[in-house]
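Subject: Structure handover

Hello,

I am passing on the structure below, with notes on what was found in it. Please read the notes with the structure open.

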Amino acid sequence: MKNLIKSDSNTQLAASVLNHHLKGIMITNLKGRIMVVNDAFSKITGYSSDEVIGKKPTFLYSGRQGADFYKIIWAELHTLGEWQGEIWNRRKNGTVYPEWLSISGIRDDEGEITHYVAIFSDITERKLSEERLVYLAHHSILTDLPNHRLISERLAQAIKQAERKKKKLAFLSIDLDHFKQVNEAFGRPVGDELLITVSNRLKSAVRDCDTISHLSGDSFAILLTESSEVEHTATIAQKILNLLSKPTTLDQHTIIISASIGISLYPADGTDNKTLMAHADQAMSRVKKQGCNGYQFYSEEIGIHSLERIELKMAIRRALERNEFELYYQPKLDLKTGEITCLESLIRWQHPEKGLILPAAFIPMAEETNLIIPIGEWGLRAACKQARRWINKGIPPLRIGVNFSARQFQQEGLLESVLSVLQENDLPSSALELEITESIAMDQVDKGIKTMNQLNKHGVRLAIDDFGIGYSSLGYLRQFPVHTLKVDQSFIKNLTTNKDDAAITAAIISMGHNLNLEVIAEGVETESELGFLKQHDCDGVQGYYLSRPLPADMLEEFLLTGNYRELAGTR
Ligand code: C2E
Ligand code: MG
Ligand code: MG
């Protein structure tokens, strides 16, 4: 054939085309013996044409594909006359390489196949970049650790194996504590360095057969395939905590961090990777809530808690959309004048199935999930609208009290939104009193004071709610521009039976007065409590003895009767 091709000018032309073709070309006869190869063939495989003519191409076999693979190729060539695909071959120097190969039959005038032409290209480069892509798709670029996708795949595989071999597995969800602050204080590059340090420390805590993953940002995970007993896993978790808590020096800063670890075990805590990962996360969140820096195994109790949380969160969202919240109002009586000075708005949830729900059942969750922001906005708006309605009805202008959560207080633009709601309802700032709990005032003191000062400057009154149970001191209060102290109802409850509580209440009243603050007692339920408070010169009271929190229309009736004046008058 080689000689044949060179026999006339047409075939010479064909030979020249063959040799200048960038792809490797090999022509065989029906029996598979090589008749012609081109220069690219020699370049790719390392064999010259003299070395291969007359041979079967089996010398190229790499051993990576079995006999069945070649059988399929031949079968397709016989039936369809062509085959295309990826194949691994061996070069003369022994290296194995991937090539993209297409083989087709050459037919004679009668349509019978007489020869086969194989055209192939070396796809090593493409393969490498493909592999690189696959690698990148499965690893964190920063830490080079397996990413979420890869550890999920490994976990799924490990579960299958563990199922067969009746083995156990452990999955650890690891989250750094307060990592955001590191980023903020020292900058992103230092944060990134820290993540690399963390990944190295994690590597030193486990064996090679375990998978460590960098899921995202400051969260990592570890799959332990061999050490699945609870005690052993606990030891590893503790080891990780110890390693991570070692100080790190980066860019001349010494940084100390800690982590929260949640652990789920296969098969006890779940038999699929989604469940195991979710349960480890829930256990980790529990650690965070309990103050970080520790580990916790998943338990069913945690799971039920999380499930309820998710449902409650969705239900709160729906309640906002469907307008199921409502405000009740509880009056505050001035003991000196006998007048109602303020109405505290208290939120209620009219659940279509469950009926009336009190704030204790949903406010804490709303705070955790930030849903308190829209709820708070709704509450402020609804209270101010109601105040406007009462003024329009000729009911003497009364101050409206609105409870604010810590989260709301840390919100940017709080002042502006408060002022705009007042303006929308054409109310003076003095018509509003914001009640904040002691802990809010103490949390992020500087920011809190700044916001309070701004509100105060604009004439909005501020009250410290539940005073006495928090950790603030009266001395501290000097810094806060508040007008009112509301003594927590737990003191009032025991006023007449517990000498300590009586003494504390009396002390709060007199010290409050020294600071020029109005002092209000919450939760007054009996005549004797009221008597004690009057005797100790308390400025005002609130409580069931005066009135329970009431819907707006019922409160109007209460105001109209004017009976409350007697309570103050009995002094
Ligand atoms: P709080 O602001 O200290 O409100 C006083 C709570 O004591 C109210 O409970 C009220 O119904 C109850 N109470 C009043 N007088 C008496 C009494 O004589 N005896 C007894 N045993 N209880 C009395 P409520 O309405 O269940 O609210 C509980 C807490 O939920 C409030 O405590 C407040 O911190 C929060 N809250 C209520 N509404 C809102 C709101 O709109 N936004 C925010 N962020 N928190 C709210
Ligand atoms: Mg309150
Ligand atoms: Mg209170």
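One contact to start with: an N or O atom in the side chain of E522 is 3.2 Å from an oxygen atom of ligand 1. A polar contact here is a pair of N or O atoms within 3.5 Å; within protein, one must be able to donate a hydrogen and the other to accept it, and residues adjacent in sequence count only if both atoms are side-chain atoms.

This is a predicted model, in which local features need pLDDT of at least 70 and side-chain atom pairs count only at pLDDT 80 or more, while totals for chains, interfaces and linings use all residues. Residues are numbered from 1 along each chain as its sequence is written, chains are lettered from A and ligands numbered from 1 in the order in which they are written, and side-chain values use heavy atoms, with hydrogens and water left out.

Ligand 1

The side chain of R348 has an N or O atom 2.8 Å from an oxygen atom of ligand 1, and a polar side-chain atom of Q330 lies 3.0 Å from a nitrogen atom of ligand 1. The protein buries 82% of the 800 Å² that ligand 1 exposes when taken alone (accessible areas by the Shrake-Rupley method with a 1.4 Å probe; for residues, only the protein chains shown count as cover).

Ligand 1 is surrounded by 21 residues, the closest being R348, D465, Q489, E525 and Y544 (a residue counts if one of its heavy atoms lies within 4 Å). Strand 14 (340-351) and strand 18 (461-467) each supply at least two residues of this shell, and strand 14 gives the most, with 4 residues. Strands are DSSP runs of E, at least two residues, and helices are runs of H or I, at least four, both numbered from the N terminus.

The magnesium ions

Donors are N, O and S atoms within 2.8 Å of the metal (3.2 Å for Na, K and Ca); water is not among the atoms, so sites may look incomplete.

D465 in strand 18 and E522 in the loop between strand 20 (518-521) and helix 22 (527-535) are 57 residues apart, and the pair links distant parts of the chain.

D465 bridges the two magnesium ions, ligand 2 and ligand 3, which lie 4.2 Å apart.

Backbone

Y266 and P267 are joined by a cis peptide bond, with omega about 5°. P267 is in the loop between strand 11 (259-266) and helix 11 (273-289).

Regards
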